[in-house]
Amino acid sequence: MGAVLAPLTVGQLACCCGSAACSLCCSACPSCKNSTSSRIMYAVMLLLTTIVSCIMLSDQLKDKLEKLPFCEGKCHDVIGFLAVYRLIFALTLFFMLFCLLMIGVKSSRDARAGIQNGFWGIKYLILIAGMVGAFFIPEQNTFGQVWMYFGMIGGFLFILIQLVLIIDFAHSWNESWLENYEESQSKGYYFALIFFTLLHYILAITATVLLFIFYTQPSDCGVQKFFISFNLIFCIIISVVSVLPRVQDALPKSGLLQSSIVTLYVMYLTWSALNNSDKCRPDFLGKKNAFDAQSIVSLVIWFVCVLYSSIRTASNSQVSKLTGTEKILAQDGDSDLGKGDVESGKSFDNEENEVAYSWSFFHFMFALASLYVMMTLTNWYNPTSGLKSSNEASMWIKIISSWLCILLYLWSLIAPLVLRDREFN
């Protein structure tokens, strides 16, 4: 009897842990491409880990663990900043492993396609086991310190990707509404463009004024004054450049909407940089919290960027123009091969001829996104430091990121003028 039931049990387990699990999830939703459903599943994995990491920073959890007899005075490794480091360590290794496994995949006919698009139950079990194992890594003032530097480098690299995504979003938004306006001649799109452009500039100007009020002093804070003034001046410059006649001739759909979005994001990066310095930093709540407003805003922007990169079709995106690669994000892969029953609401294979995105680079980007989450949740601080410590390195990382954002956007405007032999449609 056991010999008969064993194959059935194994078969049922394989069904739950294999690619059928993804199809079951998609069966309750409208029909979607297999490439899209897989990216969403990995994004959910990243989001769930982020939620667990947030729970690990909860003071209520610390108080409850301290009451347990076997954890009294010994729970510093299972909660707080160091716990977040351990969780993200396992997640990052998971994505890096898949990054290496998926190198060179050309289509879903590759044997590795099943690993990429299925076996979700097994993947989650492996990830959970890795997280549990990470808590057995001895600290001894080594693991956290070394992993912090990996987190800073990876977080900075993800910020660069985030900059490209935001610039891509700004250009796509403006182009989409201009096309709708030209096709329909509806004044609604025209007034909406004006409204959001003015709104972004008003918010950016308000942010600049508040930064001068709260993060500077009349006779001190020279560095802070320089950062705010320098970024403000260059935001004005890129706004002027975006409407120059020569730029408009090369990029007719370039305008102030993109400049306003970039300006607002640069002001956010400036605030985030100033918030990572002890000098001239306001103390609104009387203490520096482990999870403050800056962390919340950063996570919201991070989640939007990850979701955007997971579902964005990039066949004509600004990302490919800026980087020169057509496969970094998802491309339009509307092949009917392996499509299956679309109206049944199940995912279908659209990558039998060619992958819709670089699987290896996708996992590499998610590994960097994991490190960015780790550094954001811990405020870019030393994992063993007190909450009142600061990290000047993170301040410079973010202020340099704001300058790179300006340079990237400026390059997207002047590239057609410099590289006349290339097409920028």
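This passage describes the confidence, overall architecture and selected local features of a predicted protein model.

Residues are numbered from 1 along each chain as its sequence is written, and side-chain values use heavy atoms, with hydrogens and water left out. Because the model is predicted, local features need pLDDT of at least 70 and side-chain atom pairs count only at pLDDT 80 or more, whereas totals for chains, interfaces and linings use all residues.

The protein has a mean pLDDT of 75, with 70% of its residues reaching 70 or more. Helices (H or I, at least four residues) and strands (E, at least two) are DSSP runs, numbered from the N terminus. Confidence is lowest in helix α1 (residues 2-17), where the mean is 38, and highest in helix α10 (residues 222-242), at 92. Contact here means heavy atoms within 4.5 Å. Where pLDDT is low, the predicted coordinates should not be read in detail.

The secondary structure comprises 16 helices and 2 strands. Of the contacts in the protein with a separation of 6 or more, 79% are accounted for by residues 24 or more positions apart. Buried residues make up 47% of the 425 residues, where buried means under 20% relative accessible area, exposed over 50%, and partly exposed in between (1.4 Å probe, protein chains only). The protein exposes about 20,600 Å², of which carbon and sulfur atoms supply 69%; accessible areas come from the Shrake-Rupley method with a 1.4 Å probe, and for residues only the protein chains shown count as cover.

Two packed helices are described by the angle between their axes and the distance between the axes. Helix α5 (residues 80-101) packs with helix α15 (residues 359-377) at an angle of about 175 degrees, and their axes are 8 Å apart. Axes are lines fitted to C-alpha atoms, for helices over the stretch in contact, and angles run from 0 to 180 degrees between N-to-C directions. The helices α5 and α15 are therefore roughly antiparallel to each other (angles under 35 degrees count as roughly parallel, over 145 as roughly antiparallel, 65 to 115 as roughly perpendicular and the rest as oblique). Residues making the contact include F81, Y85, F95 and C99 of α5, and H363, F364, M374 and L377 of α15. C99 counts as buried because its relative accessibility is 9%.

A search of the whole structure finds 0 disulfides, a disulfide being a pair of cysteine sulfur atoms within 2.5 Å. For C235, the nearest cysteine sulfur is that of C405, 8.1 Å away. C235 counts as buried, at 2% relative accessibility.

Further buried positions lie in other helices. S402, in helix α16 (residues 392-418), is buried, with a relative accessible area of 0%. Residues up to four places away in sequence aside, S402 touches N231, V266 and L269. H171 belongs to helix α8 (residues 143-184) and counts as buried at 4% relative accessibility. H171 and S412 are 241 residues apart along the chain, with 9.5 Å separating their C-alpha atoms. In helix α3 (residues 34-56), A43 is buried, with a relative accessible area of 14%. A43 and L307 lie 264 residues apart in sequence and 7.1 Å apart in space, C-alpha to C-alpha.

Methods:
pLDDT = per-residue confidence, 0-100.
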